[in-house]
Amino acid sequence: MEEASLLQLLFLNSLLCCTTHQARLTANPRWSQFFTEASVSLSCEEDGSSAGWTVRRKTAGGTVSQCGKGWGKLMASSCSNSLMLEWDSGVYWCESREGATSNSINLTVTGGSVILQSPVLPVMEGDDLTLSCQSKPPSNLPAAFYKDGSLIRTESTGHMTLHHVTRSDEGLYRCSISSYGESPPSWISVTEAPPPASPSLHLVFTLLLHLLVFCPYFISTLLMVSLYRQGHRK
């Protein structure tokens, strides 16, 4: 997919993300890029259940459709596409009958010889990020990794790990393998780590209960000791 098409999909993604998330869309495999004829399963998950949601997509050509209507196989609130083709590239999301939407993900399907295996969902700050450059047919050649058009480094194993990522690691990544070519670009998002957990309501309630029980006992004990000492002084 061309960079212009990818930026278009990212714009569509930003529009979709503004809706309240009541479900979560996941992909298996969990990558954002695939060779043609790959198999991908998409699932809508809501509080442990997956009822009442449908997988929908918008391709780079602007066509909006739902799973089972000309593409994919609908199974409850999941969608299986066992023969991905280049025109399956696009933005995917879950939508309820009432019109509520989930997070959205970008999937790229290429007829080329190289893909970048990168997480389709955002990476959390502080986590490690591993990128893998894969060729078709498979090879054991070194791979060069790029971010926002600049070379990061070349890895002889074809895998690159960024340790303890931060928001500065967010960007457009691609890779290349000599004599095979380069992958399409993929945007990798980094989300903020959640704040430290606050004391639970149960813990707060337990603490207050102990204070309510202990304080009167402590005060009454002090009063009894004080009265006892006063009685002996007389």
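This is a predicted model: local features need pLDDT of at least 70, side-chain atom pairs count only at pLDDT 80 or more; totals for chains, interfaces and linings use all residues.

Among the contacts in the protein chain with a separation of 6 or more, what percentage is accounted for by residues 24 or more positions apart? The figure is 62%.

Let me begin with the overall composition. The protein chain has two helices and 19 strands. Of its 234 residues, 37% are buried. The accessible surface of the chain comes to about 13,900 Å², and carbon and sulfur atoms hold 58% of that surface.

I turn now to strand β4, which covers residues 53–59. Five of the seven residues of β4 are buried, so the strand is largely enclosed by the rest of the structure. Which strands pair with β4? One is β8, which pairs with β4 in the antiparallel sense over seven bridges. Within that pairing, K58 has V91 of β8 as its bridge partner. Another is β5, residues 64–66, which is also antiparallel to β4 and is joined to it over three bridges. Here R57 has S65 of β5 as its bridge partner. β4 and β5 form a hairpin with four residues between them, and in its turn G62 has a positive phi of about 95°.

D88 is situated in the loop between β7 (78–81) and β8 (90–96). Is D88 buried or exposed? D88 has a relative accessible area of 4% and is therefore buried, the cut-off for that term being under 20%.

In general terms, rolling a probe the size of a water molecule over the atoms shows where empty space is left. In this model there is one cavity of 30 Å³ or more. The space in the largest cavity is about 40 Å³.

Next, I would draw your attention to an open sheet of three strands. Its order is β10-β12-β15, and the pairing is antiparallel. The edge strands are β10 (114–117) and β15 (159–162), each of which pairs on one side only. From one strand to the next, the twist averages 15°. β12, residues 129–135, is joined to β15 over four antiparallel bridges. In this pairing, L131 stands opposite M160 of β15.

Finally, I come to some details of the backbone. Most residues other than glycine have a negative phi, and most peptide bonds are trans. Where do we find cis peptide bonds in this model? One runs from N28 to P29, with omega near 0°. P29 lies in the loop between β1 (24–28) and β2 (33–35). Another runs from K136 to P137, again with omega near 0°. P137 lies in the loop between β12 and β13 (143–147).

As for phi, D148 is not a glycine, yet its phi is positive, at about 50°. D148 is found in the loop between β13 and β14 (150–155), and it counts as partly exposed, with 45% relative accessibility. S179, likewise not a glycine, has a positive phi of about 75°. S179 is placed in the loop between β16 (171–177) and β17 (181–182). Because its relative accessibility is 72%, S179 counts as exposed.

Thank you for your attention.

Note on methods
Residues are numbered from 1 along each chain as its sequence is written. Side-chain values use heavy atoms; hydrogens and water are left out. Buried means under 20% relative accessible area, exposed over 50%, partly exposed in between (1.4 Å probe, protein chains only). Contact means heavy atoms within 4.5 Å. Accessible areas come from the Shrake-Rupley method with a 1.4 Å probe; for residues, only the protein chains shown count as cover. Two strands pair if DSSP finds at least two bridges between them. Axes are lines fitted to C-alpha atoms, for helices over the stretch in contact, and angles run from 0 to 180 degrees between N-to-C directions. On a 1 Å grid over the protein atoms alone, a cavity is a set of points where a 1.4 Å probe fits but cannot get out, and a pocket is an open set with protein on both sides within 12 Å along at least five of seven lines; lining residues have an atom within 4 Å of a point. Grid points are joined across faces, edges and corners, and a volume is the space filled by probe spheres set on the points.
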